[in-house]
Amino acid sequence: AFTVLDRCDTPLKLCRWYAGRHGLALATRHQDALDPLPEAGFDAVFTHAFMGNFDAAGRARLAGRWAQALRPGGRLVTVQRVREGAAE
């Protein structure tokens, strides 16, 4: 089962539509990424091109939220482009 989180309902609707077309079990959460998640509720957290939306303090807060949300042995997988000359 998959859970998709977004603060905008449009991507959530698209994910539900896509999952429905392919017979995938999908739950959606309409909330900000920095809001608390269920503790130990997830086996993995995946993000793509997401961390660049936050400053260093925001990224640390996100990592803390995700650590609380992962079950023991859970994994975080994130992909982020490294921008040449970026301060952070």
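Predicted model: local features only at pLDDT ≥ 70, side-chain atom pairs only at ≥ 80, totals over all residues.

Me: Which residues form salt bridges with Asp9?

Reply: Lys13 does, with the closest N and O atoms 3.6 Å apart. Arg16 does too, at 3.7 Å. Shared partners join Asp9, Lys13 and Arg16 into one network.

Me: How are Lys13 and Asp9 placed in helix α1?

Reply: They sit 4 residues apart, so about one helical turn separates them.

Me: And Arg16, what's its relative accessible area?

Reply: 36%, so Arg16 is partly exposed.

Me: How many salt bridges does the count come to?

Reply: It comes to 4. One of them pairs Arg7 with Asp32, where the closest N and O atoms are 3.7 Å apart. That pair links distant parts of the chain, 25 residues apart: Arg7 is in the loop between β1 (2-6) and α1 (9-21), and Asp32 in the loop between β2 and β3.

Me: Is Arg7 buried or exposed?

Reply: Exposed, at 64% relative accessible area. Asp32 is partly exposed, at 24%.

Me: OK, backbone now. Which residues have a positive phi without being a glycine?

Reply: Ala40 is one, with phi at about 50 degrees. Ala49 also has a positive phi of about 50 degrees.

Me: Where are they?

Reply: Ala40 lies in the loop between β2 (26-30) and β3 (42-48), and is partly exposed at 37% relative accessibility. Ala49 is in the loop between β3 and α2 (56-69).

Methods
Residues numbered from 1 in each chain as written. Heavy atoms only, no water. Helix = DSSP H or I, 4+ residues; strand = E, 2+ residues; numbered from the N terminus. Buried < 20%, exposed > 50% of the residue type's maximum accessible area, 1.4 Å probe, protein only. Salt bridge = Lys/Arg side-chain N within 4 Å of Asp/Glu carboxyl O.
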